[in-house]
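Q: I am new to this structure and would like a close look at one part of it, followed by a careful account of how other parts are put together.

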Amino acid sequence: MEKHFSRDPFASKYFALVVVLIATSVGSADPCPAQAAEKAKSKSSPTTFWPTEVDWNKSIPTPKQHFGFEVGFRHLEHAQIVSYMNRLAEVSDRVSIAQYATTHGGRPLLLLTITSPANHQHIKKIQQQSRQLTNPNNAKVDIENLPAIINMGYGVHGDESSATNCAPLVAHYLAAAQGPEIEKLLNDVVVLLDPCLNPDGFNRFANWANRYRGRILNPDPQHAEHNQQWPPGRVNYYWFDLNRDWLPLVHPESQGRMRWYHKWKPNVVLDYHEMGTNSTYFFQPGVPERKNPLTPMENVELTNKFGEYHARALDNRGSLYFTKEGFDDFYMGKGSTYPDLHGAVGILFEQASSRGHVQQNQDGVLKFHDTIANQFATSLSSLKATVDLRQELHEYKQQFYTESQRMGADAKKQTYVFSCPHNRSRLQALASVLLRHDIRCYWLKDELNYGDDTFDPRWTLIVPAKQAEYRFLKSLLMRRTNFRENVFYDVSSWTLPLAYGLNQKAINKAISPEKLTPVKQKRVSQSEITFADDDVAYLIDWRDDGAQRLLAQLLKRDVKVRVARKPFKYGDEEQASFGFGTLQIPLGIQKPRIPFIKSALKNAAKRGVSLTAVKTGLTPGGIDLGSNNFPVVKKPELAMLTGRPVSAYGAGEIWHNLDTRIGLPVTMIKHTLLSRADLDEYTALIFPDGRYAGLTEGEWEKLRQFAQSGGTIVAVGSAAGFVGGQLTGNQELERLPEAELADEPETIQKLFDTAPAERALARISGAIIRADVDLTHPLAYGLTKNHLPVFRNHAQFLKPSSNAFANPLVYNSEKPLLAGYCSAENVERFKGAASVVVYPLGRGRVILMSDNPNFRGFWRGSSRVFNNAIFFGGLTSR
């Protein structure tokens, strides 16, 4: 499509004009001299972005030669980026390229290694020495001659497109520039360039922006080009924010990145973004009071030194910028903060976005070309700073890990013990995340007794404190509730064991290595089941997370599965107890399906799901297998509302959970088409987090009839308030709106400048709350503790139902706050509120979930409650 412009005579003239126009700086008072300068520069430079007085190797194709147009003329697509990067690797001995992962959408994620040819010959040795700096016990590394490692990451948010569109310019500069300065840079630095961290989102936005690009560029902010579709390009294939996935590592983009990241342990990590159109340019340091408490001050000092280079580069361009405002380094699961707890300097860059090709802003007109130019300028300034600070960066990294090892060795608690009885899958999932973060962990070989506690080796994971990544490990376990600063750019808590719903014990002694087995990515231990001709049924332990996917597989093939509403025992000599939620597959009524059933169970056993073969329907205690308290599980047929004003994050979390973990399809219905949708075939309709005030009375009546006819409506997060108010009469607990803070009666004046910060104090910025659980309720099947950590990031509170049997999860009435920031007023409000409420409605029901059970894809504990609503929602009415 791009070549169409070059073949059209009119387009060729227009192309030449646009290249000149978009190369003109925003604030130019007289465009004619600038145009003349750009024309002169285009004759002597490979691109309009090229730094002055730098020669280049003309055998290396320029971006313009490869794409057929200047960078910034239109939005590049991901395939074009891939093609150009592969071409550079073919023609330059400075560049090698590797694919480190594939997105959910099937697009490649690339890493370019760019350095001198001499360094390439010893690249494995350089990588090994870079890692050796993290282990003070290894032989001394010659840091005076060791190249610094810099990771340049572009475009984790796909619609912040100046980042990835800048990457070809940086790659070309490093491949083609000539002279003493570039030769020194390539000798002193190994560049790990990731041109596009979010290919699926990037391509989604590029298609949108290019679709509405006319020959005459339209800067009107109301133009469709500047108001993208839902879901936006910011998010990945499943609508997640990948810049929050550095900690949970849910997606292949992040998992693949960790594989090479911890092989290299870079010194510097750059994270390129965009922000609002009316802003300017931001680079770190961020708000000083909001840095992560485990980040050393030396990191801040180095970040400040880098900032001096960025300031000079932007001053030379005449660009406005700011630092130490707005953005912070507290949540360590972002691209610019994760490195700070791994001995590196992470730096965030935020460029005002044109969100298209040209857009009006408060300074006049913001052009795509200029946004790219600023990103290119700070890319080069980062490289120069890395060269100049190379030895200091090595010394800091070495000191960081020496200190981290010492902190672990001196810690009062020498061992962390995590347990999750009867849920091997959950424990394996945690172990996999820790391994990806380069944190050593182990299985117990035998039973461990410590004080009054006994730990079963089948359900126990051991993590020693004494290791190089102790500082990061400590951040994963952090449970702060008191903060110096109560305003957060992102969440205020992310405690991994709470998210996974695990038991955690910290003990004072180290465990002897002879008692431990190192964890591999795949756990070898399996459950066992033996099939026999006289089997009458098979029992599935619902406590293991793997049982959820197994149930979906069975129902998909129309296998009849029943679920226990009461506990029972089975066995002769050693009677085993089976609790609420145990699944039963009766064989006598479905003999043709027995071969498939056995195959599915055999595969589930390999994944650790606990299974039992049954010889008789008569049990020695509790309900028998033919009891009415063993109802049939109905196959879920799911629909979910999508589109604005639904939260793309909330909808994506649900879709990802159902699609990739459970294996259930979900029909996504645009909320604007709800009035025409036929809902008769669905068992459940899901309302993700969002604002549904725009639904009409007729649409609410349609939803009411769906529930009255036997359907289940599940409303999550802020949607619970809208759905509850319309269909159940559950209005949220009386509260003061976040925008109107309560003043003391005598206070009639406050400082205007403090209003945003004071308003933030009333918000709940990602806190972890304790909910008390009714373990007999179908929504709690599979849970083993009568309390569950839930994640909350809004300040709406549901009233409990007047029917006390319909409140399966209520917040703890004594100490509801487990971790994170929550004002004293909000803590008190939790004590009178419900987390999950079930309302019967005709033959159906409405399930309100005030919290986010699937938050960012790693809240494994509370996601069980959501999945139970999908499978067992029809059993919640009595």
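Does Y811 count as buried or exposed?

A: Y811 counts as buried, at 3% relative accessibility, where buried means under 20% relative accessible area, exposed over 50% and partly exposed in between, for a 1.4 Å probe and protein chains only. This is a predicted model, in which local features need pLDDT of at least 70 and side-chain atom pairs count only at pLDDT 80 or more, while totals for chains, interfaces and linings use all residues. Residues are numbered from 1 along each chain as its sequence is written, and side-chain values use heavy atoms, with hydrogens and water left out.

The structure holds 44 aromatic pairs, a pair being two rings of Phe, Tyr or Trp (its six-membered ring) with centres within 6.5 Å, called stacked if the planes are under 30 degrees apart, edge-to-face if over 60 and tilted for the rest. The rings of Y811 and F830 form an edge-to-face pair, because their centres are 4.8 Å apart and their planes lie at 80°. Y811 belongs to strand β32 (residues 809-811) and F830 to helix α24 (residues 824-830), so the pair ties together parts that are 19 residues apart in sequence; helices (H or I, at least four residues) and strands (E, at least two) are DSSP runs, numbered from the N terminus.

Over the face of W246 lies R257, at 4.3 Å from the ring centre, and a charge sits over a ring if NZ of Lys or CZ of Arg is within 6 Å of the ring centre and within 35 degrees of the ring normal. The charged end of R792 is placed over the ring of F797, 5.0 Å from its centre.

L111 is found in strand β3 (residues 108-114) and is buried, with a relative accessible area of 8%.

Helix packing can be followed in α18 (residues 546-556) and α25 (residues 860-872), whose axes come within 12 Å and cross at roughly 20°; axes are lines fitted to C-alpha atoms, for helices over the stretch in contact, with angles running from 0 to 180 degrees between N-to-C directions. That makes α18 roughly parallel to α25, given that angles under 35 degrees count as roughly parallel, over 145 as roughly antiparallel, 65 to 115 as roughly perpendicular and the rest as oblique. The contact is made by Q548, L551, A552 and L555 of α18 and R864, N867, F871 and F872 of α25.

Conventions. Contact = heavy atoms within 4.5 Å.
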